Structure formats: C-alpha cells, structure tokens
Number of protein chains: 2
Amino acid sequence: MKHPKQTPLVESLPASVPFVGPEALERTRNATFTARLGANESVFGPAPSVLEVIKAALSEAWMYGDPESFELRHALAAHLSIAPDEVVVGEGIDGLLGYVVRIFVAEGDAVVTSEGAYPTFNYHVAGFGGNLVSIPYRDDKEDIDGLVAAATAANAKMVYLSNPDNPMGSWHSADAIAAMIEALPEGCLLLLDEAYVEFAPDEAVMPVDTCDPRVIRMRTFSKAHGMAGMRVGYAFGHKDNVRAFEKIRNHFGMNRISQAAALAALKAPDWVAHVKTEVEAARARIGDVARAHGLEPLPSATNFVTIDCGADGDYARAVLNALVERGVFVRMPFAAPGNRCIRVSAGKPADLDLLEAALPKALAAAKNG
Amino acid sequence: MKHPKQTPLVESLPASVPFVGPEALERTRNATFTARLGANESVFGPAPSVLEVIKAALSEAWMYGDPESFELRHALAAHLSIAPDEVVVGEGIDGLLGYVVRIFVAEGDAVVTSEGAYPTFNYHVAGFGGNLVSIPYRDDKEDIDGLVAAATAANAKMVYLSNPDNPMGSWHSADAIAAMIEALPEGCLLLLDEAYVEFAPDEAVMPVDTCDPRVIRMRTFSKAHGMAGMRVGYAFGHKDNVRAFEKIRNHFGMNRISQAAALAALKAPDWVAHVKTEVEAARARIGDVARAHGLEPLPSATNFVTIDCGADGDYARAVLNALVERGVFVRMPFAAPGNRCIRVSAGKPADLDLLEAALPKALAAAKNG
C-alpha cells in the first residue's frame, strides 16, 4: 500500500514546532504555572466592554464570520486613516506572516532576519522554501546596517524587522527605519512587525504611509488589547500588496466572535491607556527585582523586560529552568548574544510577587547547578 | 519605486473569493436577511453547556491557545478510538484543506474533484498551482467511477470527495468509498470531507481505519455542533499523513475559546442528537413546502435540502434571487446539472415559515422575470 508522496519541499521539512507552548511545559512538569510571564500576553486581559460584546456575540457563534471582515476592516482603516483596501485582517500575525511569505518568497529566494528574532517567521520562510540569512543583534538591537548589507548581498526578497523588538525589547527610531527602507535593494520588501507598537515611544513609530509599496506593517490584538487567545491580527500597506492576500488567504478563517471582539477593542482606547500604565509599573518593578539581585534589566518599549543575567547562555538557561521549576513561566532569547538574558512579561502585582520570591532561589540554583 | 514582486504562481492567481458571504449580500441589498438558510450553518447553535464553557473560558482570552490543542486532540482521539497522533485540529475544514493541498500538491500536479463541488478546495488547489480536473455529477451524486477514471488518466495526486455531499445532499455507501480507495491509482490520496457525517445514515460512514495511508478524513464543529463561527475542524488518518501537518500548519492559529468550546461540544452528544431530530423535521418540512409548489426535494443526508426547480440554471438562479430579495438567504449548486436546484439549510420553524411565505412569490417572480 503506497503512501501518498508529500511535495519535495514539504518532505524536506522537519516536523518541528516554532516553539513549545506553556501548556506543554505544564504537562511535562505536571503542574500549572502560578505566574504566566513567558509569552508576552497581556495578563490584564481585554477591556470589560470587549467581554460584554463577546457574550452578546455568542448568539451568533453558529454563523460563519464575514469572510471580508468588513466592519472590522473598515474600523481599522478609519483608525489608521487609510482606505479599507489597504488593510487585511487575519488569524493573528502568525497567520499573516505565513501569507506574506507565501506571496513573495518562492523556493530558493533569500530572506533576511536577525539571529534569534521571531521563530515563527523563520518557520514560514523554511516552509515555503526560502533561504534564510540571519544577522546577529548589535548592542541588543536589530542591526539595521547589517540587515541591509545582507539583503543587498543576497538580493533578498524580504527583510523582517520587529519594532519594538521581540525578544530584546529594544527599538529603532522611525527615522532609522525610513532610512532602512531607502537603503534596501530594489524590489526588497520590509516586513515590519509592530506587535508591540502600542507600548513604543512616539519617535519609534513611523507615520502611516500606504503609498510606499516597499513595506508591509503588521499589528495585533494579542498584546495591548489582551486578546491573544482570540487570534486577530492585521496587515496594512500599499493596496497592491494588500490585494495579494485576497488571492491566497483562508477567507473563512476568521472567528466571528473574535471579529466582534476586535471591533469592540478598537472602541476602547481607554483600556489600552490603562494597560500601558499597568505595563509601565510592571516593567519598573521587574527592573527593581532584577537589580536587587545584581541583574541588569534592558530598556524596553514593549510589555516585557529582557534581563541580562550577566553570564552566558547556559547560565541564563539555568536561571530560566529554575524559575520554570518554581512555577514562573518565562522565556529567553534563542541566540547569542541575547541568550545571556531571560525575558519576563509584564505581570499583575501578584505575578510579580511570585517572580520576586522565586528569582533569588532560581539564581542560587543556577549558581550551584 | 519598484513594487516587490509576487511569486510567479501568486502573480498568476485571480484576487477572487471562493464565494461571497451573506454579509456582503446584506450590504448590497442594504437589509439583513430574515432567514439565514444559505450556508448550511446550524441555526440551532451550540449546546447550552458549550455556551457556559465559553463564558467561563473568557477569563483566558488573554492567553494564546495551546499550540498542540492537546486536550481537544486527545478527546477527539478517544472519541474516534484512534491515537492522538492520528488526528490534527485546525481552523475549520477550510484551513485544513489548505494545509493538505500544500502538503501533497506541487505545481503542475493533477487533482480531481466533482464539477460544482466545494469551491474552497478548488481555490486551494489553484493557490498551490495544482491542475484541477472536474468530473460532472451523475444522478446528483459524485461520480465515483468518473473520479477514479480521471485520477487514473491524469495520474492525480489527490481526489476530493464529500460524503454526504455538498451541495447535492446525496451520499455513497461506505462500501462504495472503500472500493473507490482500492481503485485509485497508486500514490493517490482520497481527501474525504465528512463535514455532514453526523447527519448521514450509518451505512454511509466508513469504519475508522487509520492504518490506511490512502485516505485523510476531515470533520468539523461547524455543522451538527453549531459552531461555524468558532472555526474548529479536524483531520484524521494515518499518522505519517497527520504528522505532515505539523511541518506547515500555523501552530498558534487556534482560538483558545474555540478549543474549550469544541472540547465541551464533544461531551454533549445529547445536543447533537437533538439537532439531528430538529434537522430531520426541518428537512421534512422543506420537502413539503417544495412539493406544495410543484418542486422536487432531493434526498438528503445533510442539514440541508437541495430542491430541483424543474428547469435550467437560469430559472433556479431567478428563484434564488427572488428569495434573496425577499430576505431569505439560500444558495445553489454552481454547475450543471445541479444548478437546476436551489439549496436550503435546515431552519427553525420561524425560518421555514418565512421560506414558505416567500417561495410562491419567488416562483411567480421567476416565471414572470
């Protein structure tokens, strides 16, 4: 009985997950985490008004979502002061990253990113047969000059940049990114992941300009809006680029309840302001906790703090493991030099109490390990 | 300013939607539908226990869903009496269809389906560069012999069959499908879409056999479970085939609330039994309404009734348009000979009252149009 053959490309791919979820870690340790601070989710959740809208929308759970996400797309367009055909809604940024790679990256095409940047992007590039070129971070920032040089050398189709950056929390100015776009080789697309944009200083946020076909920007309801579990992201840019998503996206992929929730979230800017205040307080406290134990918190324009553990990747990994063993879920950058750090999401005071209690024990365990 | 180039394949695709959603039709007519009977959704909705679970799960909306859908996948495996690595959960059957085509269909590969069968499958085949061969329905059923002959002639990588069938409502016996699998050319995969399986007679449902690598079966929570808006489907079969999904799927694509809802729905078999009873009553009434106006309802093993309007496609289209104008959303098969019919989903009594009132007017309008 002959097995159906996978395409040569899919056959060549590893059956790997971009990264293991906290639930898998919980199953391994046979206990739930008492503080979930590893996935840069927003522990503050969605706005109360969003939860009310979700409950009301449950009477429509039996209906497919509008394949055009018409209302949400129009609301986003108004929010961004662009036209509705300059924005596309998708199943989180993860889903949109898959689409954008599929649109622009053919097998063998070069794609450039930073070493240790978002693994799901790398997963999609590999999944469509792109050749990934990775440039190390410099001074804990994505190395714009290095990315441009690599894109030029490889004649890359696409460069990935997250601003503010995950996993380092650092950021570049809007001017620096605008200059980067000018410096990229002709025909190269900048994929600008702005998942953390709501937490960024104004000077880090480029003006919205959908006339420029050289950049596609992506944002999400998973971070500041507290809706990671609902899976709503959006991409915006030149309408020719946005239209390409229509050719390949899963038109009936959007959850109807999530569409309603995202629409409600857009109408709750006060909640985002509240979350930003809470996140600032949490970042300050995480920094204090880190410093109290001789660690250095890096500056952050996101809802997490990346903490320099002061030694190598093995040591940071030991600290992380010791925190995880104590029920505090955190993550760490995947590649040197960032992997001397651990990454801690902004938590509620009770979460940070647990972090504060666990950190000295984890450090002691890592030193003695 | 040079635009980034799409891949030659994506460049060649039309910016088309598989089919227009009812919300778009509502926007065009500037009025909502009073009866939504066109998308084979379940107007009976999810079980009350599912709605309670959703409300409770809202406190976790801020967390990403488990990328492994561990609990749901294990519950589905138990439900099917298979191993957990023989089933994969995805963003509805639509999403899973995209994945399965991507896994097995390389550019230029032949794929066989029925003419007028599920357009989203065709969309994905085109989207990955497959060459679609379409075989007309025979006696309002998918033509198994014709599909096998076409697959053999084209050395197809994949054949699509829905059983029970959408849009005709017809079905084949399990024995006929088992024989079809044996008759397919070596290396050809049968993609068996069982979206409507809960409504099928026992003799139409093949035993679950995950030892056979020649077939992948797909089921959904969108129909009998009343959760179309929540986007949960699953595929099951030989573990080598299932493992391939792990290489390319959007691991963080699942909505956390939907995962919890589907798990709860599996624990509510009484609700599915209730829905089946309601659907049977609705089918009988739709048949009576059709016959009362000289139309012929086709036998159905689904949650809809396909009604032969007794003339050609133009006439059926006129009847459909006249129903839609009167606020009754229905659809029709896309291709001859099925397009002499309209397709009406099982509704609640109030929905069917509206159908009953609108149908004679629609028929009169179509005759005079």
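My entries follow, going from the pair of chains down to single residues.

**Ground rules.** I note that this is a predicted model, in which local features need pLDDT of at least 70, side-chain atom pairs count only at pLDDT 80 or more, and totals for chains, interfaces and linings use all residues. Residues are numbered from 1 along each chain as its sequence is written, while chains are lettered from A and ligands numbered from 1 in the order in which they are written.

**Entry 1: the interface between chains.** I read off 76 residues of chain B in contact with 76 residues of chain A; contact means C-beta atoms, placed from the backbone, within 7 Å. On the chain B side, H2 (22-29), H3 (48-57), H5 (92-104), H9 (239-248) and H10 (256-266) are helices that each supply at least two residues. Helices (H or I, at least four residues) and strands (E, at least two) are DSSP runs, numbered from the N terminus. H5(B) gives the largest share of that side, seven residues. By class I get 34 nonpolar, 19 polar and 23 charged residues there. Nonpolar here means Ala, Val, Leu, Ile, Met, Phe, Trp, Tyr, Cys and Pro, charged means Asp, Glu, Lys and Arg, and the others, Gly among them, are polar.

**Entry 2: domains of chain A.** Next I checked the domain assignment, which gives domain 1 (8-45 + 270-368) and domain 2 (48-268) of chain A; such bounds come from an automatic or database domain assignment. Their centres, taken over C-alpha atoms, are 24 Å apart. The contact takes 30 residues from domain 1 of chain A and 30 residues from domain 2 of chain A. On the domain 1 side, helix H11 (269-292) and strand S10 (304-308) of chain A are the elements that give two or more residues, and H11(A) has the largest share with six residues. That side divides into 18 nonpolar, eight polar and four charged residues.

**Entry 3: helix H7 of chain A.** Which residues of H7 (144-154) in chain A are buried? I have Ile144(A), Leu147(A), Val148(A), Ala150(A) and Ala151(A). A residue is buried if 20 or more other C-beta atoms lie within 10 Å of its own, exposed if 12 or fewer, and partly exposed in between, with C-beta atoms placed from the backbone. Seen down the axis of H7(A), the buried residues fall within an arc of 165°, so they line one face of the helix; the arc is that of the directions from the helix axis to the C-beta atoms. An α-helix has 3.6 residues a turn, so residues three or four places apart point the same way. The buried residues of H7(A) pack against strands S3 (110-114), S4 (131-135) and S5 (158-162) and helix H8 (174-183) of chain A. Just after H7(A), Asn155(A) takes a positive phi of about 50°.

- The peptide bond from Asn163(A) to Pro164(A) is cis, with omega near -5°, and Pro164(A) lies in the loop between S5 and H8 of chain A.
- Asn166(B) and Pro167(B) are joined by a cis peptide bond with omega about 20°.
- Asn30(A), not a glycine, has phi near 60°; this residue counts as exposed, with 6 C-beta neighbours inside 10 Å.
- Ser69(B), also not a glycine, has a positive phi of about 40°, and with 28 C-beta neighbours inside 10 Å it counts as buried.

**Entry 4: Ala204(B).** My last stop is in the loop between strands S6 (189-193) and S7 (215-220) of chain B. Is Ala204(B) buried or exposed? I put Ala204(B) down as buried, because 21 C-beta neighbours lie inside 10 Å. Leaving out residues up to four places away in sequence, Ala204(B) touches several residues, including Asn163(B), Pro164(B), Trp171(B) and Ala301(B).

Technical notes: Contact = placed C-beta atoms within 7 Å.
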